[in-house]
Amino acid sequence: MLQKTMPRPILATIHTDALRHNLARCRSAAPDCRLWAIVKANAYGHGIERAFEGLRGADGFALLDLDEAQRVRALGWRGPVLLLEGVFEARDLELCSRLDLWHTVHCNEQIDMLASHKTNVPHRVFLKMNSGMNRLGFTPERYRSAWTRLDALPQVDEISLITHFSDADGELGVDQQMAVFVAATQELPGERSLCNSAATLRHGDLASDWVRPGIAIYGSAPDFPQRSATDWNLQPAMTLSARIIATQEIRAGDSVGYGSTFVADHAMHIGIVTCGYADGYPRVCPSGTPVLVNGVRSHTVGRVSMDMLVVDLTALPQAGFGSEVTLWGRAANGAVLSIDEVAHRAGTVGYELMCALAQRVPVQLEA
Ligand SMILES: *Cc1c(COP(=O)(O)O)cnc(C)c1O
């Protein structure tokens, strides 16, 4: 039998209070709308079951995966659940009927499946328009005929209208796609759902019935670095923390880590941290990526390896063996390092880092 051991000192913490706070922030940005909490990709890596308590104030949960939809129902959620990509094959509709899932309809094949589905209770569907993103949905020219076809089906109850913005977080904005959507849906009845996080925070006043924030409820700024999570008054819902398990004194000319990519130009005190790319910390983060040591800002030194990375302690004489290192999120002293800053150094976005938290990292839920 395996002996019970102490875990390696690395931990992800999910903050229920932050989820609640961020949800409230999104609500106040779009006070007249109902709100889907987007919990696809296992709640952006936070874990659906763990995130649920902080997000139960939402009006509904939206996701992609039928397994995840079942997990939301298993938590006792009786309210709306929306499948953002709709069904993938005909038998998925049976689960939609059984679990009362609302589903997106974005292509003719999905309408065909509905037309041959046997159900006593007609389904609520969200008809998707491709208003310019060119991923899913009917073009504006084909939208009305898709609506008419759906409307004629006894399997279909209410039809809501949905589209997705490609540039709500950027300079292009939403105006063009809004104009396309509005023109093509004039006189069509039904509720509207338009806004992801960026559009909710920036344009919460857009005429719609349901907003769909994802990243913002997890405490990341959708438009970093133009604006930060602090600017938007969002709090990190995930903290990744580890500890220092060794220190080294190095001299000018000494190198650190694989490839000797970092060479000290002065004497340094460095700490070795129990977090590496096998934990989900990006290997591409360059030397100089910010971290918090005992809640004080410092930075990485040299390459990230599989199980460890190195931080500069030269300006932190108190830090040493056992010190807390926050890779992103909230330190014990309350200081915050946004996941967006780390993602930016890695040339990516906070979304990817959250979703890539490795299986081997233990996760703790903070009520
Ligand atoms: C993921 C997703 C969202 C949420 O996007 P964020 O940028 O995380 O707010 C909204 N709508 C759809 C259709 C999505 O797929």
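Predicted model: local features only at pLDDT ≥ 70, side-chain atom pairs only at ≥ 80, totals over all residues.
Helix 4, spanning residues 66-74, and helix 5, spanning residues 92-99, have axes that come within 11 Å and cross at roughly 15 degrees. Angles under 35 degrees count as roughly parallel, and helix 4 and helix 5 are therefore roughly parallel to each other. The crossing in which helix 4 passes helix 5 is left-handed. On the helix 4 side, the contact is made by Leu66, Gln70 and Arg73, while helix 5 contributes Asp92, Leu95 and Leu99. Sorted by class, this contact of helix 4 with helix 5 holds three nonpolar residues, one polar residue and two charged residues.

A second pair is formed by helix 6 (residues 108-115) and helix 7 (residues 140-151), whose axes lie 10 Å apart and pack at an angle of about 10 degrees. Helix 6 and helix 7 are therefore also described as roughly parallel to each other. Here Asn108, Ile111, Asp112 and Leu114 of helix 6 meet Ala146, Arg149 and Leu150 of helix 7. The class count for the contact of helix 6 with helix 7 is four nonpolar, one polar and two charged residues.

Turning to the ligand, 13 residues are found around it, and those that come nearest are Lys40, Tyr44, Ser197, Ile215 and Tyr351. Tyr44 also places a polar side-chain atom 2.5 Å from an oxygen atom of the ligand. From Arg212, a polar side-chain atom lies 2.9 Å from a ligand nitrogen atom. The backbone takes part as well: a polar backbone atom of Gly214 is 2.9 Å from an oxygen atom of the ligand.

Helix 2 covers residues 40-44 and includes Ala43. Although Ala43 is not a glycine, its phi is positive, at about 55 degrees. The other detail is the peptide bond joining Phe224 and Pro225, which is cis, with omega at about 5 degrees. Pro225 sits in the loop that runs between strand 9 (210-211) and strand 10 (238-250).

Terms used:
Residues numbered from 1 in each chain as written. Heavy atoms only, no water. Axes fitted to C-alpha atoms, helices over the stretch in contact; angles between N-to-C directions. Helix = DSSP H or I, 4+ residues; strand = E, 2+ residues; numbered from the N terminus. Parallel < 35°, antiparallel > 145°, perpendicular 65-115°, else oblique. Left-handed = near helix turned anticlockwise from the far one by under 90°. Contact = heavy atoms within 4.5 Å. Nonpolar A, V, L, I, M, F, W, Y, C, P; charged D, E, K, R; others polar. Near = heavy atom within 4 Å. Polar contact = N/O pair within 3.5 Å; in protein donor to acceptor, adjacent residues only side chain to side chain.
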